[in-house]
Amino acid sequence: MAGTDQHTELFPGGYQEPLPTTVNVLTILTFICSAFAFVSAFIVFAVAPFGYENAVRNQGSMDQLPSLIKSFIGTNQVEAARLQLAYRTPILLLTLAGVLLCFFGALQMRKLKKRGFTLYVLGDLLPLVSLIFFTNLSTAAGVGVAFSYGI
């Protein structure tokens with residue numbers, strides 16, 4: 001007996017509700033974004049020493065920028081890069097924990113479990129902790145973070 005609805009499946013436990021389209025799209029996008037964030041976390045971890053060296057090397061050229069641009073990108077880029085280098089392991093671990101929570105939450109949402117959404121939201125907010133406690137955000141970075149979390 002072939003199912004009349006392509007999203008409906010029969011399991012030994014009985015009938016399963018069809019997966020809503022919005023949940024299907026959200027979870028597929030979460031899987032893609034989680035894979036991207038997983039790879040990006042390791043790239044940021046590996047590139048942190050080069051970012052610090054680059055900030056030290058370009059420190060003199062920062063003085064030549066107009067004051068409006070300096071206030072927007074931050075006055076002490078060397079300190080921000082140093083903090084990112086010093087705390088790169090906790091940043092990596094918090095990012096990976098957030099990715100895993102998002103991924104597991106999306107799997108739970110695909111099973112139509114309500115706790116999946118809670119795990120998904122916790123996974124989205126966990127990397128924000130590393131931004132607040134382990135980095136020195138400039139105005140530009142703060143606007144970018146606010147925009148991405150707003151979406």
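Q: Let's start with Glu 53: what is its relative accessible area, and what does it count as?
A: Glu 53 has a relative accessible area of 45%, so it counts as partly exposed. Buried means under 20% relative accessible area, exposed means over 50%, and partly exposed lies in between, with a 1.4 Å probe and protein chains only.

Q: Good to know. Before I go on, what kind of model is this, and how are things counted?
A: This is a predicted model, where local features need pLDDT of at least 70 and side-chain atom pairs count only at pLDDT 80 or more, while totals for chains, interfaces and linings use all residues. Residues are numbered from 1 along each chain as its sequence is written, and side-chain values use heavy atoms, with hydrogens and water left out.

Q: Thanks. Back to Glu 53, where is it?
A: Glu 53 sits in helix α1. Helices here are DSSP runs of H or I with at least four residues, strands are E runs of at least two, and both are numbered from the N terminus.

Q: And how far is Glu 53 from Arg 82?
A: The two are 29 residues apart in sequence, and their C-alpha atoms are 9.1 Å apart in space.

Q: At roughly what angle do α1 and α4 cross?
A: Roughly 155°, and the axes come within 8 Å, with α4 spanning residues 77-86. Axes are lines fitted to C-alpha atoms, for helices over the stretch in contact, and angles run from 0 to 180 degrees between N-to-C directions. The two helices are therefore roughly antiparallel. Angles over 145 degrees get that label, under 35 is roughly parallel, 65 to 115 roughly perpendicular, and the rest oblique.

Q: Let's zoom out. How many helices and strands are there?
A: The protein has 7 helices and 2 strands. From the N terminus on, the order is β-β-α-α-α-α-α-α-α.

Q: How much of the protein counts as buried?
A: Of its 151 residues, 23%. The protein exposes about 10,300 Å², with carbon and sulfur atoms supplying 68% of that. Those areas come from the Shrake-Rupley method with a 1.4 Å probe, and for residues only the protein chains shown count as cover.

Q: Back to α1. How does it lie against α5?
A: The axes of α1 (residues 21-57) and α5 (residues 88-110) come within 9 Å and cross at roughly 170°. That makes the pair roughly antiparallel. Their contact involves 19 nonpolar, 6 polar and 2 charged residues.

Q: Is Thr 27 buried or exposed?
A: Buried, at 0% relative accessibility. Thr 27 belongs to α1 and touches Ala 106, Met 109 and Arg 110, leaving aside residues up to four places away in sequence.

Q: And what does Ser 34 touch?
A: With the sequence neighbours up to four places away left out, Ser 34 touches Val 99, Cys 102 and Phe 103. Ser 34 is also in α1, and it counts as buried at 8% relative accessibility.

Q: What about α5 and α6, how do they cross?
A: Their axes come within 6 Å and cross at roughly 165°, with α6 covering residues 115-134. So α5 is roughly antiparallel to α6. This contact has 16 nonpolar, 7 polar and 2 charged residues.

Q: Which residues does Ile 91 touch?
A: Not counting residues up to four places away in sequence, Ile 91 touches Gln 84, Ser 130, Phe 134 and Thr 135. Ile 91 lies in α5 and counts as buried at 14% relative accessibility.

Q: Last one: what is phi of Leu 112 near?
A: It is near 65°, a positive value in a residue other than glycine. Most residues other than glycine have a negative phi. Leu 112 is in the loop between α5 and α6, and at 34% relative accessibility it counts as partly exposed.

Note on methods:
Ala, Val, Leu, Ile, Met, Phe, Trp, Tyr, Cys and Pro count as nonpolar, Asp, Glu, Lys and Arg as charged, and the others, Gly among them, as polar. Contact means heavy atoms within 4.5 Å.
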